[in-house]
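The sequence and model are shown first.

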Amino acid sequence: MDISSAASVLHAGGLEVFSTRDLAAMFPPRGRGVANLQMHQWARRGWIRRLKRGLFELAWPEPVVIPDLFVANRLYEPSYVSLDTAMFQHGLVPDVAVQVTSVTSGWTRRFVNPHGTFTYFAVKPAAFRGYGLVEVEHRQVRMADPEKAIVDRLYAALRRGEPLDPLTERWNRRRIRRLDRGRMARYAGLFGQSAAKIKERVRVLT
């Protein structure tokens with residue numbers, strides 16, 4: 001399959017960010033071996049860009065505009081955008097984070113690629129909830145709702161031993177006070193032994 005045909009199939013399937021497995025499905029029955037060789041050749045020609053081992057984005061005939069938040073979802077799964085990045089998206093902090101921050105039920109990870117830096121903060125599976133699909137630049141992105149983004153951020157600060165001061169951080173407390181306190185308390189309860197400390201920080205915020 002030439003790059004033009006492959007690009008058409010990838011575009012049609014919404015797979016401008018694609019994995020080796022995605023491309024292998026386009027080469028039955030030769031599969032992954034042919035896909036690996038093809039991607040190596042295409043990458044050398046600049047037709048695709050490597051985001052991490054086994055994950056690429058289409059750059060033919062010209063780079064495709066793909067939101068960083070969508071890339072974050074695909075880069076490491078399962079995950080959803082949360083913490084500082086989601087708080088900015090919800091208007092809870094005034095400044096966009098330098099890196100895209102997400103939550104995962106896997107391992108804490110960090111990736112750097114042409115889109116920037118992506119960090120993934122690990123939580124227990126029981127706390128891996130409180131997110132949904134939102135549209136970002138015509139893409140569906142898994143993102144924490146505002147209450148969960150705050151709770152995730154408070155938990156992360158607690159785990160890291162950070163003396164989090166919402167005033168110094170310039171959190172939008174007026175907007176935070178409009179959120180569902182009961183929902184924040186329920187989300188805090190997902191974090192087991194840390195729940196009480198998170199709830200106390202929520203109380204201070206609201």
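A residue counts as buried under 20% relative accessible area, as exposed over 50% and as partly exposed in between, with a 1.4 Å probe and protein chains only. Val-100 has a relative accessible area of 9% and is therefore buried. This is a predicted model, in which local features need pLDDT of at least 70 and side-chain atom pairs count only at pLDDT 80 or more, while totals for chains, interfaces and linings use all residues. Residues are numbered from 1 along each chain as its sequence is written, and side-chain values use heavy atoms, with hydrogens and water left out.

Val-100 belongs to strand 5, residues 100-104; helices (H or I, at least four residues) and strands (E, at least two) are DSSP runs, numbered from the N terminus. Not counting residues up to four places away in sequence, Val-100 is in contact (heavy atoms within 4.5 Å) with Asp-68, Leu-69, Ala-72, Thr-85, Thr-117, Phe-118 and Thr-119.

## Nonpolar cores

A nonpolar core is a set of buried Ala, Val, Leu, Ile, Met, Phe, Trp, Tyr and Cys residues joined through side-chain atoms within 4.5 Å. The largest one has 46 residues, and Val-123, Ile-150, Trp-171 and Ile-198 have the most contacts inside it. Helix 6 gives the most to this core, with six residues. A second, separate core has 14 residues, among them Phe-18, Leu-23, Met-39 and Phe-56.

Leaving aside neighbours within four places in sequence, Val-123 touches Val-103, Thr-104, Ser-105, Phe-128, Tyr-155 and Phe-191.

## Helix 6 against helix 10

The axes of helix 6 (residues 146-160) and helix 10 (residues 195-205) come within 10 Å and cross at roughly 120°. Axes are lines fitted to C-alpha atoms, for helices over the stretch in contact, and angles run from 0 to 180 degrees between N-to-C directions. Angles under 35 degrees count as roughly parallel, over 145 as roughly antiparallel, 65 to 115 as roughly perpendicular and the rest as oblique; helix 6 and helix 10 are therefore oblique to each other.

From helix 6, Ile-150, Val-151, Leu-154, Tyr-155, Ala-157 and Leu-158 meet Lys-197, Ile-198, Arg-201, Val-202 and Leu-205 of helix 10.

## Helix 9 against helix 10

Helix 9 (residues 181-188) and helix 10 have axes that come within 9 Å and cross at roughly 155°. The two helices are therefore roughly antiparallel to each other. Met-184, Ala-185 and Ala-188 of helix 9 make the contact with Ala-195, Ile-198, Lys-199 and Val-202 of helix 10.
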